[in-house]
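Please read each point with the coordinates open.

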Amino acid sequence: MRAEPAVVDRFRDLGVRVGPDGGTLRVASATATSMELCLLSERDPSWVERTVHMRRGDDGVWAGRSALLVPGRRYAVKADGPDGPRDAFDRSRQLLDPYSRGIVRIDQDSWRSVVVDDRFDWGEVRKPNVPLAESVVYEAHAKGLTKQLRSVPRALRGSYAGVAHESTVRYLQDLGVTAVELLPVHQSASERRLMKQGLTNYWGYNTVGFFAPHQQYASLTAQSAGPQAVLDEFKGMVKHLHAAGIEVWLDVVYNHTAEEGPAGPVQSFRGLDNSTYYRQDDGRYIDTTGCGNSLDCSQEQVRRLVHDSVRYWAEEVQIDGFRFDLAVTLGRDEHITYTPDAPLIQDLLADPRLADVKLIAEPWDVGLGGWQTGGFPGGWSEWNDRYRDTVRDFWLTDTVVTRNGGLARTGIGALANTLAGSSWHFSAERGPLASVNFITAHDGFTLADLTSYNTKHNLGNGESNRDGTDNDRSFNFGIEGATRAERVLADRRRAMRNLLGTLLLSAGVPMLLAGDELGRTQRGNNNAYCQDAPVNWIGWNLADWQQELQDVARRLIRIRREHPALRPVSYPSDTGTTAMHWFTADGSVMDDAAWTTPENRTLQYLAHATDDATLLVVHGDETTMRAALPEHPGVEDYELLWTSADDGAFGLHSAPGEHIQIDGPTLLLYAAR
C-alpha cells in the first residue's frame, strides 16, 4: 500500500487560488528580494493596469492578493534579486507564473499567465482504470493523428476536439488499443534556432509551462476564445476517450524547459529563481538533457513543482498515466548521480492520490551514467530500449548478415528473453510489466521506414543530415526507399508482420506507434521533430496492403486480449501461475547448445496461464524448414490462430508431434489445448 509522500507543506497552494473575493497568487523563490503581481490590460497584454506588492513569507514563498485576480484575468510577475553568477533577475521583465493553468503568447519570447476556472462537468464518466497487464498503448501526436482524417470535420482536424471526434474514437476502439499516449501537450515553444530556419518543434519537447495545455493543438474556435476554452476542449477530449473505455497517457517533459541555455529566452523560471530551478556550477549550466538546461530535482522547490503538476493533470484533468521524458534527470541527486531512491522518484510512487496512475520512465538521459534501463524501482514501468534493439536485430540486421554469408549475431536466447518479459533487465519482483515494449516510437524510423531504408534521410531538418541516430538497425531488403519491385515489397511486408507480431505477442506492455499499423512513412527521416507537415501527419488514404496490415494489427491485439498466457504479470516460478516451456524445431526441449548456437534461428515457446495456453513458433531465417510441434503433458491439440506468412490462415488444427512446413522468416501462434 502506498504511503503519504514527504511533500513539504510550505509549498502548498502555489499559483493562483480564486475565492469569492478575488484571488491570491503564491510564487516560490528562495533567492528573490522583491516580487510584484502585475494585473494586465485585456486590450494590451503588456500594459500593467495595477501592480500588487507581494510579501515574502518565512518559507520562501511570495504572496499577493487582488479582487481583480479572477478567471479570465491576464497577469504576470516581476522579480528582483541578487546579481551573482547564478542569478538572472531583471526587475523590469514580466514573467510567467510557473503554475499558470492558462498561457497566452505575446511575441516570440514573451508569454502571459491567465487565470482559468477548473470547474468542468465530467458527468458520470470515470477513469477506465485498465489493468497494466491488459494495456495496449498507442503513441500519437495530438495534431498529427487527425490532421488528414477526412471523417473529422475540417475545423476540428489536428486538434484536441479532432481526437475526441466520434470517428477517431471509433477507429481506436476498433483497433483495440486501451490507451492513447500523447506526445507532449504542455504549452511548449520552438527553439530560437529552429525559428530562424522557418521550422517548428513539432514534437513539443520544449516546455514553457507545466500546467497549461498547448494552445495551438486546440481548434481555432477554442484558440480564439482563449485559455479557458482550450482547457475545456482538452478536458472534453479526455472525457470522450474515457467514455469509450480508452485511457489517456501523457508524455511529460520535466527534465528541462524552453528557456534553453544561459543566453536563451527568459520566460519564467530563470527570471524568478535561476539558482534553484537549474542545475549549475557558479553560473555554468550542467546539462544532462542535451537541451541547454536541466531542472535540478535535487531541490525541494523543483520537486514540488513537478509533483504538483502531475497531481493537477491526474486529478483535475483525469489523466491516467505519465511517460517521463529523460527520467534519469529527475532522479539525479545533489552530486548529479542517479539513484532509484531519489525523493521525486519515490514520492510520485508513494503518493496515494496517484495510486491508480501509471508511471513510465524513459530510463536514460545524456549525462554520466545516463543509461538506466532496469534501474527504476518497483511500481515504475520503463521504455525498454533493449527490447527494441534485440527485436530489430533478430528480424532485420541479422538478415543482412546472413544474406552476406555470415552468422547471425543475435542469438535465439536474446529473442526468447524479450518474448518472455525481459527478465535479463528487470528483477523478479518487478516482473514483465516493468517493460514497456516498443519497436518504433516518435523518434526514429517508422515501422515501414525501418524495412525500407538502410540510412537516415534528414536533410529537411536543416542540419546537413547530422541529426538523428546512425544506428537504426534497419534493412531496406535490397533497394533504398520507395520501389515497385515485388520481391522487395513482399520481403518488407513480411518483416513488418513479424515485427508487429513480436511486439503484440510478447510479455510486457506493448506500445504501438500511431500509423505503424497503416504502414506510414516519413520518407526516411528518423528525427522528424521539426516537421509540422504531411510527412509527420498520418495519411488515411490507404492502399490494399496498408489495409491488410491494419487488419493484422487489429487481429493481433484481439488475440492478445483473448489469451492471458500472452500477458503474464510475473516471471515463471515454482509457486506462480505462469509457466513457460521452450522447444527446438524438432520438438525437443532446448539445451545449452540450442540456446547459444548462432546457426539456430528457430524455437517454439509454450506459455501457460490459468485456463489458457499458447504456442509461439519463431523461425528467423530465409530458409524453408520443417518443424515438429512439441509434445507436452496436457496438450492434445494445436489450433492455428495467426501466422505472419498468411494472415488469412487460421483455424487449422494440428496434433502434438505433427510436422509443419515453414517458408522463410515466420511467426506462427497456436492455441494449445
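1. I begin with His 442, which is found in the loop between strand S20 (435-437) and helix H11. The model is a predicted one, and what follows should be read with that in mind. At 8% relative accessibility His 442 counts as buried, because the cut-off for that class is under 20%. Its side chain makes a polar contact with the side chain of Glu 139 at 2.6 Å, and another with the side chain of Tyr 205 at 3.0 Å. When its neighbours within four places in sequence are left aside, His 442 is in contact with Glu 139, Leu 183, Trp 203, Tyr 205, Asp 251, Arg 323, Trp 383 and Leu 513.

2. Asp 467 is buried and yet has no salt bridge, the nearest side chain of opposite charge being that of Lys 456, 5.8 Å away. The limit for a salt bridge is 4 Å, from a side-chain nitrogen of Lys or Arg to a carboxyl oxygen of Asp or Glu. What the side chain of Asp 467 does make is a polar contact with the side chain of Asn 527, at 2.9 Å. Apart from neighbours within four places in sequence, the residues in contact with Asp 467 are Lys 456, Asn 458, Asn 461, Asn 526, Asn 527 and Tyr 529.

3. How many residues of strand S29 are buried? Seven of the seven are, so the strand is largely enclosed by the rest of the structure. In a regular strand the side chains alternate between the two faces of the sheet. In S29, Thr 666, Leu 668, Tyr 670 and Ala 672 point one way, while Leu 667, Leu 669 and Ala 671 point the other way, and all are buried.

4. The pairing of S29 deserves a separate point. Strand S24 (residues 612-619) is joined to S29 by six bridges, and the two run antiparallel; within S29, Leu 668 is the residue that stands opposite Val 617. Strand S26 also pairs with S29 in the antiparallel sense, over five bridges, and here the bridge partner of Trp 642 is Leu 669 in S29.

5. Helix H13 (residues 544-562) has 19 residues, which at 1.5 Å a residue should span 27 Å, and its end C-alpha atoms are 27 Å apart, in agreement with that expectation. The buried residues of H13 are Gln 546, Leu 549, Gln 550, Val 552, Ala 553, Arg 555, Leu 556, Ile 557, Ile 559 and Arg 560. These buried residues pack against helix H2 (166-175), H12, strand S21 (509-513), strand S26 (638-643) and strand S29 (666-672).

6. Helix H7 (residues 300-315) can be checked in the same manner: its 16 residues should span 22 Å at 1.5 Å a residue, and the end C-alpha atoms are 22 Å apart, which agrees. H7 is mostly covered, with 14 of its 16 residues buried.

7. Two residues with positive phi call for a look at the backbone. Gln 318, in the loop between H7 and strand S17 (321-324), has a phi near 65 degrees, a positive value in a residue other than glycine; at 19% relative accessibility it counts as buried, although the cut-off is under 20%. Asp 611 has a positive phi of about 65 degrees and is likewise not a glycine. Asp 611 lies in the loop between strand S23 (602-609) and S24, and at 80% relative accessibility it counts as exposed.

8. The last point concerns an open sheet of four strands, in the order S1-S2-S6-S5 with antiparallel pairing. Strand S1 (15-19) and strand S5 (55-56) stand at its edges with a single partner strand each, so one side of each is left without a neighbour in the sheet. S5 pairs with strand S6 (residues 61-66) in the antiparallel sense over two bridges, and Arg 55 stands opposite Ala 63 in S6. Val 16, which lies in strand S1, counts as buried at 17% relative accessibility. Leaving aside neighbours within four places in sequence, Val 16 is in contact with Thr 24, Leu 25, Leu 69, Tyr 75, Asp 97 and Val 115. The C-alpha atoms of Val 16 and Leu 669 are separated by 56 Å, and the two residues are 653 residues apart along the chain.

Key:
Residues are numbered from 1 along each chain as its sequence is written. This is a predicted model: local features need pLDDT of at least 70, side-chain atom pairs count only at pLDDT 80 or more; totals for chains, interfaces and linings use all residues. Side-chain values use heavy atoms; hydrogens and water are left out. Buried means under 20% relative accessible area, exposed over 50%, partly exposed in between (1.4 Å probe, protein chains only). Lys and Arg count as positive and Asp and Glu as negative; His and the chain ends are not counted. A polar contact is a pair of N or O atoms within 3.5 Å; within protein, one must be able to donate a hydrogen and the other to accept it, and residues adjacent in sequence count only if both atoms are side-chain atoms. Contact means heavy atoms within 4.5 Å. Two strands pair if DSSP finds at least two bridges between them. The expected span of a helix is 1.5 Å times one less than its number of residues.
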